[in-house]
Amino acid sequence: TVKGYLMTGEKRYRVMALHAANLLAGRYNPAGRFIRAWDCGNDSYNGMTSGVAIIDCMMNINILYWASEVFEDTRFKKVAMKHADTTLRDHIRDNGSVNHIVMHDVDKKGVVNGIGAGQGYSETSCWSRGASWAVYGFILSYIHTKEQRYLDTAIKCANYFIQQTEKTNWLPKLDFDQPENPCYYDSTAGAIASCGLIEIAKITGNTY
């Protein structure tokens, strides 16, 4: 709806986009400082569905940055940045790989109750599409905020992604740590990461 509004100027798209931003912001947990991923409606993830956050949401928060700019309401941007900071702390590993799912304590900042494999091979592996969300999501957060930590994180995740894909002729495995046989690939992860790399290159001049 944001793209529809930008391309057509239709006010109804603007209203729909604002509604979506409000709904996303409404999923924010101020105690844990994260946006809840989804409503599972069961006892998945050890009964901690209210504390589940996923790396994918780094792409979702861009609508919050947009809403903050268009409606001059800093609350949207603050929610986006707090979620990005929590993601940086709890999802991004030292080598630039990512955790797909993190289960947080809903009442305490910084308390992680567990890690979930999600779409990945295992809790300690790296789902390539999740890694691509990190590359693209953090560079977009930098573009909207100019906070150096987001650029640094995007670059770190990009370097990890490149190191992994150059081993397989630039076609990313579904999970970078999956068994060799059978071997599955995810071209979508490559496309997403490429978008992020283009944005990084525009800013840093590094064409990799």
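Helices (H or I, at least four residues) and strands (E, at least two) are taken here as DSSP runs, numbered from the N terminus. The structure is a predicted model, in which local features need pLDDT of at least 70 and side-chain atom pairs count only at pLDDT 80 or more, whereas totals for chains, interfaces and linings use all residues. Residues are numbered from 1 along each chain as its sequence is written, and side-chain values use heavy atoms, with hydrogens and water left out.

Lys-77 lies in helix α6 and, with a relative accessibility of 29%, counts as partly exposed; in this scheme, buried means under 20% relative accessible area, exposed means over 50%, and partly exposed is in between (1.4 Å probe, protein chains only). Apart from its neighbours within four places in sequence, Lys-77 is in contact (heavy atoms within 4.5 Å) with Leu-64, Tyr-65, Ser-68, His-144 and Thr-145. The C-alpha atom of Lys-77 is separated by 8.3 Å from that of Trp-66, a residue 11 places away along the chain.

Lys-77 also takes part in the packing of α6 against α5, where the residues in contact are Leu-64, Tyr-65, Ala-67 and Ser-68 of α5 and Thr-74, Phe-76, Lys-77, Val-79, Ala-80, Met-81 and Ala-84 of α6. The axes of α5 (residues 62–71) and α6 (residues 74–91) come within 7 Å and cross at roughly 155 degrees, where axes are lines fitted to C-alpha atoms, for helices over the stretch in contact, and angles run from 0 to 180 degrees between N-to-C directions. The two helices α5 and α6 are therefore roughly antiparallel to each other, on a scale that takes angles under 35 degrees as roughly parallel, over 145 as roughly antiparallel, 65 to 115 as roughly perpendicular and the rest as oblique. The crossing of α5 past α6 is left-handed, a term used if the near helix is turned anticlockwise from the far one by less than a right angle, with right-handed used if clockwise. By class, eight nonpolar, two polar and one charged residues form the contact of α5 with α6; Ala, Val, Leu, Ile, Met, Phe, Trp, Tyr, Cys and Pro count as nonpolar, Asp, Glu, Lys and Arg as charged, and the others, Gly among them, as polar.

In the loop between α5 and α6 is Glu-72, which has a positive phi of about 50 degrees although it is not a glycine, and which is exposed, with a relative accessible area of 74%. Lys-146, likewise not a glycine, has a positive phi of about 65 degrees; this residue is placed in the loop between α7 and α8 and, at 54% relative accessibility, counts as exposed. A further backbone feature is the cis peptide bond that joins Asn-181 and Pro-182, with omega at about 0 degrees, and Pro-182 is found in the loop between α8 and α9.

By class, the contact of α7 with α9 has 13 nonpolar, four polar and two charged residues.

The largest nonpolar core has 45 residues, of which Ile-35, Ile-61 and Leu-64 touch the most other members; such a core is a set of buried Ala, Val, Leu, Ile, Met, Phe, Trp, Tyr and Cys residues joined through side-chain atoms within 4.5 Å. Two or more residues are given to this core by each of α2 (11–25), α4 (57–60), α5, α6, α7 (128–145), α8 (148–165) and α9 (187–204), and the largest share, nine residues, comes from α7. With neighbours within four places in sequence left aside, the contacts of Ile-35 include Leu-24, Tyr-28, Val-52, Ile-61, Leu-64 and Val-79. Ser-141 is found in α7 and counts as buried, at 0% relative accessibility. Residues up to four places away in sequence not being counted, Ser-141 touches Met-58, Ile-61, Tyr-65, Ala-84, Lys-146 and Tyr-150.
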